[in-house]
Amino acid sequence: MELAGEAEFKSRAYGRAARTVEAFPGSLAELATQAEAGAVQGIGEALAQKIAALAHTGSLPFLTELEQSFPAGMTNLLDVSGLGPKTIRKLNKELGVQNLEDLERACVDDRVSPLPGLGKKVSRRFSTGPASQSYAGRFHLHKALAQAEGHRGVLRKIAKRVAIAGSVRRRMETIDRIDLVAEATDPKALLEAFAALPDVSTVSEKLDDRCVAVFQNGMTAALHVSAPGGFGLAFVQATGSADHYAALEERARERSVAIDAMEGDEEAAIYSALGLADIPAELREGLGEIEAAASGALPRLIGPGDLIGVVHAHTQYSDGTASVAGMAAAARALGYRYLALSDHSKSSTVAGGLKEDAVKRQHDEIDALNAKEKDFRILKGIESDILKDGSLDYDDDVLKASILLSRAFIRISAFRAMP
Ligand SMILES: [Zn+2]
């Protein structure tokens, strides 16, 4: 919808409604009935009608029309890291960019950089080196991970074992290629199944133990099939960066072992044969982790269990979907020790920003809940807009009562970044 130039508040309302649909425990038809009766918060009449159409016919003309209003390939641009709907709209309007190829051409012809506002940023990002390599199929981790898991789900039915490797497993911020490692009794059939995955656009490489395919969204994915008893080594090879693997080879040479001949079903067998502790995938970048593993100095990675609280969350007081008590219960269930609430301030009318009396009510509710808690705190915050004259959205009394000012900092940095 943002790509179509719809008002931001409208697409936000759809986003919120989508989350409500996802979280609804009953069927879509039940939700539609309740929503049409006006009994579902955040879903008004227009949205209720669309949900009902979807529930009863299985399709939504509104969505079909929206999708058909873009040239094929334009929505793929949304998957490219660094491009948002606004930028894509601008590129389309000013330069007629409809897909990745158009963007590449526009960068090569230097038509992007003169565009005010975004030109330099976009062209710098997408025109270093051969254009096709510099941007094509660079995806945010969460998208690449979802796609990799989809591939793995299909291949798992045929393979003995399939694992996600490469930069996805190393949890890089952006991903230019999905790597999968598999073990199969019939490698040929597995490679063929991979090449025949839905959405494969071209198969760029097909060997006895490897297949590389480019998907319709521009993502490249490679499947490596290990030799019998060689999963450990294949997994190591397909996971680490080139520098990491080069350092392993160097270490193997020093110890006169042939790394290519190493056997084992698990990676730990390979690392331990080289006198190394098992190195977490996230560290395998060739940045000194081999030395650290050799001397027992590998750092401990921060994991989900290390998170002790959340510092920015909304509730039903503004545009959230849960109550204060509901949010607190969810945070406690995750093992957190605190939750800082920071609903929108009053100038954010589209997001249901809080007037002074609502802030007061929320604070009273928080105080009452905190009084009952021993090991958990709800902290009072506000996502305050900064007004045109530089002042904040409330007078000092309200602000003093809130210990956290979230958006204030974001807005300030945004101002500073502007020329
Ligand atoms: Zn927020």
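**A walk through the predicted model**

Ser256 sits in the loop between helix H13 (242-254) and helix H14 (267-273); helices here are DSSP runs of H or I with at least four residues, strands are runs of E with at least two, and both are numbered from the N terminus. Ser256 is not a glycine, yet its phi is positive, at about 55°. It counts as exposed, because it has 6 C-beta neighbours inside 10 Å. The cut-offs behind that word are these: a residue is buried if 20 or more other C-beta atoms lie within 10 Å of its own, exposed if 12 or fewer, and partly exposed in between, with C-beta atoms placed from the backbone.

Before going further, a word on what you are looking at. This is a predicted model, in which local features need pLDDT of at least 70 and side-chain atom pairs count only at pLDDT 80 or more, while totals for chains, interfaces and linings use all residues. Residues are numbered from 1 along each chain as its sequence is written.

Now for the overall picture. The secondary structure comes to 19 helices and 11 strands. Of the 419 residues in the protein, 28% are buried. Take the contacts between residues at least 6 apart in sequence: 54% of them join residues at least 24 apart. A contact here means that the C-beta atoms of two residues, placed from the backbone, lie within 7 Å.

Let us go inside. A nonpolar core is a set of buried Ala, Val, Leu, Ile, Met, Phe, Trp, Tyr and Cys residues joined through C-beta atoms within 7 Å. The largest such core has 39 residues, and those with the most contacts inside it are Ile178, Leu180, Val181, Ala182, Leu190 and Phe235. Helix H12 (residues 231-239) contributes the most to this core, with 6 residues. Both domain 3 (139-225) and domain 4 (242-294) give residues to this core, so it lies between them; the domain bounds come from an automatic or database domain assignment. Leaving aside residues up to four places away in sequence, Ile178 touches Ala144, Gln147, Ala148, His151, Gly166, Val168, Met219 and Ala221. A second, separate core has 9 residues, including Leu77, Ile88, Leu103 and Val112.

Residues up to four places away aside, His224 touches Asp179, Val181, Asp209, Arg210, Ala234 and Ala238.

Gly240 is buried, because 27 other C-beta atoms lie within 10 Å. It touches Tyr245 and Arg284, again not counting residues up to four places away in sequence. Gly240 and Gly166 are 74 residues apart in sequence, but 6.4 Å apart in space, C-alpha to C-alpha. Ala242 lies in helix H13, and this alanine is exposed, with 9 other C-beta atoms within 10 Å. Ala242 and Glu285 are 43 residues apart in sequence, with 7.8 Å between their C-alpha atoms.

Two helix pairs are worth a look as well. Axes are lines fitted to C-alpha atoms, for helices over the stretch in contact, and angles run from 0 to 180 degrees between N-to-C directions. Angles under 35 degrees count as roughly parallel, over 145 as roughly antiparallel, 65 to 115 as roughly perpendicular and the rest as oblique. Helix H2 (residues 28-36) and helix H3 (residues 45-57) pack at about 155°, with their axes 8 Å apart, and are therefore roughly antiparallel to each other. In this pair, Leu28, Ala29, Leu31, Ala32, Ala35 and Glu36 of H2 meet Leu47, Ala48, Ile51, Ala52, Leu54 and Ala55 of H3.

Helix H16 (residues 324-333) packs against helix H17 (residues 356-371) at an angle of about 45°, with their axes 10 Å apart. H16 and H17 are therefore oblique to each other. Val324, Ala325 and Ala328 of H16 meet Gln362, Glu365, Ile366 and Leu369 of H17.
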